[in-house]
Amino acid sequence: MLGSLFVLFLAQTVAAELDEKTREVQAAIGEVETGLRRYRIVYDFYPEDGNRNLVSALSPDYAAFQLEALRDGILIDPWGRPYVYERYDPGDNLPWHTYVFYSIGPNGADESGRGDDIGNW
């Protein structure tokens, strides 16, 4: 009986932690999207591909990243892995955005926006 209660408690704790980290990713996506809109208004294009290029282009004028979210100039998700940022040219036929920004999620596998990846789509 006690073992069953512990398993139930552990499952609820893990689910709550996952929800919290997902909210953190969604907040980071919102901050980056706002920063990218501001950047594009000024320069008429988005920064070059790459997490480090994104951070360099947006900081500090277009986005104020939390210091704990940065490691060596790279924006890190709540699971301790770099976010993915890719810019697309208008000819790449991407219907909603001209860039993607996402976390590879809790499983740590980059599934290009599928699986548990969390992004701006």
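I take helices (H or I, at least four residues) and strands (E, at least two) as DSSP runs, numbered from the N terminus. Two strands pair if DSSP finds at least two bridges between them.

**Ground rules.** I am working on a predicted model, where local features need pLDDT of at least 70, side-chain atom pairs count only at pLDDT 80 or more, and totals for chains, interfaces and linings use all residues. Residues are numbered from 1 along each chain as its sequence is written, and side-chain values use heavy atoms, with hydrogens and water left out.

**Sheet.** I looked up the strand order. Three strands form an open sheet, ordered S3-S4-S5, with antiparallel pairing. S3 and strand S5 (118-119) are the edge strands, and each pairs on one side only. Next I checked S4 against S5. They pair in the antiparallel sense, over two bridges. Which residue in S5 is the bridge partner of Ser103? I found Ile118 there.

**Aromatic pairs.** I count rings of Phe, Tyr and Trp (its six-membered ring) as paired if their centres lie within 6.5 Å; planes under 30 degrees apart are stacked, over 60 edge-to-face, the rest tilted. By this rule I get eight aromatic pairs. I looked at Tyr43 and Tyr62, which form an edge-to-face pair, 6.4 Å centre to centre with 70° between the planes. Tyr43 lies in helix H1 (residues 2-43) and Tyr62 in the loop between helix H2 (51-58) and strand S1 (70-71), so this pair ties together parts 19 residues apart in sequence.

I then checked burial: buried means under 20% relative accessible area, exposed over 50%, partly exposed in between (1.4 Å probe, protein chains only). Tyr43 is partly exposed because its relative accessibility is 40%. Tyr62 is buried, with a relative accessible area of 14%.

My next pair was Tyr85 and Tyr99. This pair is tilted, with 6.3 Å centre to centre and 40° between the planes. Tyr85 sits in strand S3 (residues 84-87) and Tyr99 in strand S4 (residues 99-103), so I note a link between distant parts of the chain, 14 residues apart. Tyr85 counts as buried at 3% relative accessibility. Tyr99 counts as buried at 4%.

I also noted one aromatic cluster, formed by Tyr39, Tyr43, Phe45 and Tyr62.

**Core.** I define a nonpolar core as a set of buried Ala, Val, Leu, Ile, Met, Phe, Trp, Tyr and Cys residues joined through side-chain atoms within 4.5 Å. The largest one has 21 residues, of which Leu36, Leu58 and Phe101 touch the most other members. H1, H2 and S4 are the elements that give two or more residues to this core. H1 supplies the largest share, six residues.

**Ser56.** I found Ser56 in helix H2. Is Ser56 buried or exposed? Ser56 is exposed, at a relative accessible area of 55%. I also checked Ser56 against Gly73: they are 17 residues apart in sequence and 7.5 Å apart in space, C-alpha to C-alpha.
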